[in-house]
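Welcome, and please open your viewer. This short tour tells you what to select at each stop and what you will find there.

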Amino acid sequence: MRTSISSAAKPERPARRETLRQMIDREAARAGFEAVAVTRPDSIPLAPERLRQFVAERFHGSMEWMEETLERRADPRVLWPEVRSVIVLAMNYGPDHDPRDLLAKRERGAISVYARNRDYHDIVKGRLKEMAGRIASRTGEDVKVFVDTAPVMEKPLAEAAGIGWQGKHTNLVSREFGSWLFLGSIFTTAEIEPDEAEIDHCGSCRACLDACPTAAFPAPYRLDARRCISYLTIENKGPIPLEFREAVGNRVYGCDDCLAACPWNKFARVASEAKLIARNDLREPRLADLLDLDDAAFRALFSGSPVKRIGRDRFLRNVLVAAGNSGDAALVPRCQALLDDASPLVRGAAVWALSRLLPGPELGELASNFHETDASVLAEWRAAMPEKAAIA
Ligand code: B12
Ligand code: SF4
Ligand code: SF4
């Protein structure tokens, strides 16, 4: 039976003749997980073909690692032939407000809920390791832990274990926590009785599909990552393609719109793990302050946060797109200063931001005072001022 820890009584000390499953439930609660369930490694027979189709259609964009790890990712038994059971764990990171409220504050940057404090990879992985160590000492069996970056299809496995179901937005939804769960897993050679899979509770709802600002769902349950703002602002290393820049709005890291639109969030609860509750300075940071970040200030502000992973230049690219969408002329001097930045990615985004904030003649005057040599930045100038095709 799948265990929802928050609604079950939390056993404080081991019962006298505790079964392995009771021990796993107790350890999961102790480690701060809100749900734990078990499945077999062969429980996701539809996933491999769907993953192959996703990659064949190039929906993964520049995430080449999805292609490279395809066979291992598609089947836990290819990743680790000895695995007999998969223990799936979920940690709630529910926000204390609707993250979409921030989208109307155009002079502020929206950092997605999952990234407003400590990096969940560090938190979840550390706790999984502790738990796995205890399972290994009790059973004498082998264990391996995975969270996010390993080639494991965490969502279908979580659905097969009964933690929730994959909604039409493709993420795992839970009747108890809505869309706001991080997933991790412990693979083990121990035989553990599996739980029952969860069934789909989406029905005729399509709120998440309609909420997507970039129409990233070609069909329910299918995501073209290349159109997703999460991909565009986090995984994508180059400029954000022109066609999506307006839709990015003020989202400077990730996107929560489809998650937040889900009606099952009415059952969501605020995260109980303090390290996952938004830091005050990352709730609605001013674009003006973010535009001032040099490398050292960026590292200091995002120390321990997942945002640090994309580096200052990619982050500034996102902030400049948000600045261009802000309509806030007070940001012009800061954007202008970034035309001299060492990074062509930043300079190119600064050109776009200024093209949106300045009247044509002023932009033209700026252009004539700049001696740009990088091809990608010159392309931004040309796109910003097609009438001045002479910029070469
Ligand atoms: C690659 C990746 C991304 C990519 C691609 C996302 C995607 N949907 O594939 C990008 C960068 C866009 C991304 C974004 C986000 N991600 Co991400 N991401 C991953 C990662 C590493 C792999 C996902 C994967 O395997 N994709 C490949 C596709 C083919 O698999 P799938 O999504 O399971 O697709 C299934 C459906 O499409 C379904 N399907 C296909 N056709 C059909 C037809 C029918 C009828 C049905 C029923 C089903 C169906 O079958 C497929 C296989 O099960 C996982 C971690 C992991 N190791 O699993 C985290 C993960 C999915 N991400 C996570 C999060 C939090 C996010 C964001 C919310 C972050 C943010 N706020 O910006 C967004 C959400 C965007 C979204 N709507 O998905 C969490 C989700 C937790 C949860 N509750 O589900 C995960 C699990 C990380 C974690 N450990 O917690 N992510
Ligand atoms: S995260 Fe945002 S951009 Fe990506 S699919 Fe969801 S709503 Fe669309
Ligand atoms: S918003 Fe509706 S369709 Fe989308 S995951 Fe939630 S219940 Fe399913």
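**First stop: a covered helix**

Select helix α14, where 14 of the 16 residues are buried, so that it is mostly covered (buried means that 20 or more other C-beta atoms, placed from the backbone, lie within 10 Å of a residue's own; 12 or fewer is exposed, and in between is partly exposed). Helices here are DSSP runs of H or I with at least four residues, numbered from the N terminus. The model is a predicted one, in which local features need pLDDT of at least 70, side-chain atom pairs count only at pLDDT 80 or more, and totals for chains, interfaces and linings use all residues. Residues are numbered from 1 along each chain as its sequence is written, while chains are lettered from A and ligands numbered from 1 in the order in which they are written.

**Second stop: a loop**

Move to the loop between α8 (207-211) and α9, where you will find Ala215. Though not a glycine, Ala215 has a positive phi of about 50 degrees. Tyr221 lies in the loop between α8 and α9 too, and its phi is positive at about 75 degrees.

**Third stop: two ligands**

Finish at ligand 3: 13 residues surround it, and Gly167, Cys202, Cys205, Cys208 and Cys262 are the closest.

How values were computed
A residue is near a molecule or strand if its C-beta atom, placed from the backbone, lies within 6 Å of it. Helices (H or I, at least four residues) and strands (E, at least two) are DSSP runs, numbered from the N terminus.
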